[in-house]
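Visitor: I have a structure to look at. Could you take me through it in short steps?

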Amino acid sequence: MKKSRIVGVGHYLPERVVTNDDLSKIMNTNNEWIVERTGIHERRWFTPGKDTVTSMSVEASKMAIERAGIETKDIDFIVFATSTPDYFAPGNGVLVQRELGLQGIGALDIRNACSGFVYALSIADQYIKTGMYKNILIIGAEIQSSALNITDEGRSSAVIFADGAGAAILQATENSDYGVLSTHLHADGDYCEELYVKDPGSSRENRLSPDIVDGPSFKLQMNGNAVFKHAVVKFQEVIEEALEANGKDKSEIDLLVPHQANLRISKYIQEKLQLPDEKVFNNIMYYGNTTAATIPIALSEAFEQGKLKSGDLVCLAAFGSGFAWASALLNW
């Protein structure tokens, strides 16, 4: 059975920088309050008329393809993770496929929010292991700023979420020294409404009535305390699950790339795993929480900064809406 290996990563971030001071002008908040609770100093929001989930993803994909040293035509499948697609239907996978000139290949969309990229990686890994595909483009991308409640009522979530795209090329390999070792996926739907956007839902008689559009159900809603409480437990559990499945110790991790949900969560997990700063990659300070895009953006930046070396033991972990959580352990 073949293994799969990430051979190229890329990312795209909108040019519009929104600082904490910018937000303090439109809601009752301030830089100190935001940094203390989230670790975020600034984030990127899309530019209407320029950025779309598709356009951002295409740019990230082109970078990943170039770094992978393959041709675009070599890609034989796409797995796209987003909760904020450009269209209600179809999904974003076919839109990127069209822009890359890959008509005819399969495109699968998944909606696992914060854990979406790890879920996508796991799906792609299975396809490659069975020999069905050789080069799979995996994308995580979001435009969330347009769904935020930018008022005092919604400030706890409005200061966190942001926009961006990341991509990776997963390729078949027969070299056992590299590649994905295992992936681990979990979910608990009992907590769906703790972090969700209710509308436009299909079960409403009129999914776009004025009451719905103007009401809170059209904006992201989050119970921050519930999310934090579960995240700090499940993050650690799913990381330890991956290590145990492969007979590895936490001290052997060369780089942990957690979903950028909240810097406090990342620091808490880092402390529990007793990992030094150089073994944990965080960039939420500058980009906020880009949901499905956080891990591929972080991987791309870690690569650029020389923090990913051939053979490194890398752990990816995510927790978020669903609640859904996941991890992946791989040799870079």
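Predicted model: local features only at pLDDT ≥ 70, side-chain atom pairs only at ≥ 80, totals over all residues.

Visitor: How many Å apart are the end C-alpha atoms of helix α3, and what span should its residues give?
Guide: Helix α3 covers residues 53-68, which is 16 residues. At 1.5 Å a residue, the helix should span 22 Å. The end C-alpha atoms agree with that, since they lie apart by 22 Å.

Visitor: Which elements do the buried residues of α3 pack against?
Guide: The buried residues of α3 include Val53, Met56, Val58 and Ile65. Ala60, Ala64 and Ala68 are also among them. The buried residues pack against β1, β4, α4, β6 and β7.

Visitor: Which residue follows α3, and what is its phi?
Guide: The residue after α3 is Gly69. The phi of Gly69 is positive, near 70°.

Visitor: Is Asn149 buried or exposed?
Guide: Asn149 sits in the loop between β6 and α6. Its relative accessible area is 16%. Buried means under 20%, so Asn149 is buried.

Visitor: Which side chain makes a polar contact with the side chain of Asn149?
Guide: Asn149 touches Gly154, Arg155, Ala158 and Lys219, leaving out residues up to four places away in sequence. The polar contact between side chains has a distance of 2.8 Å. The partner of Asn149 in it is Thr151.

Visitor: How far apart in space are Cys192 and Pro258?
Guide: Cys192 is in the loop between β8 and β9. In sequence, Cys192 and Pro258 are 66 residues apart. In space, C-alpha to C-alpha, the distance is 21 Å.

Terms used
Residues numbered from 1 in each chain as written. Heavy atoms only, no water. Helix = DSSP H or I, 4+ residues; strand = E, 2+ residues; numbered from the N terminus. Expected span 1.5 Å × (residues − 1). Buried < 20%, exposed > 50% of the residue type's maximum accessible area, 1.4 Å probe, protein only. Contact = heavy atoms within 4.5 Å. Polar contact = N/O pair within 3.5 Å; in protein donor to acceptor, adjacent residues only side chain to side chain.
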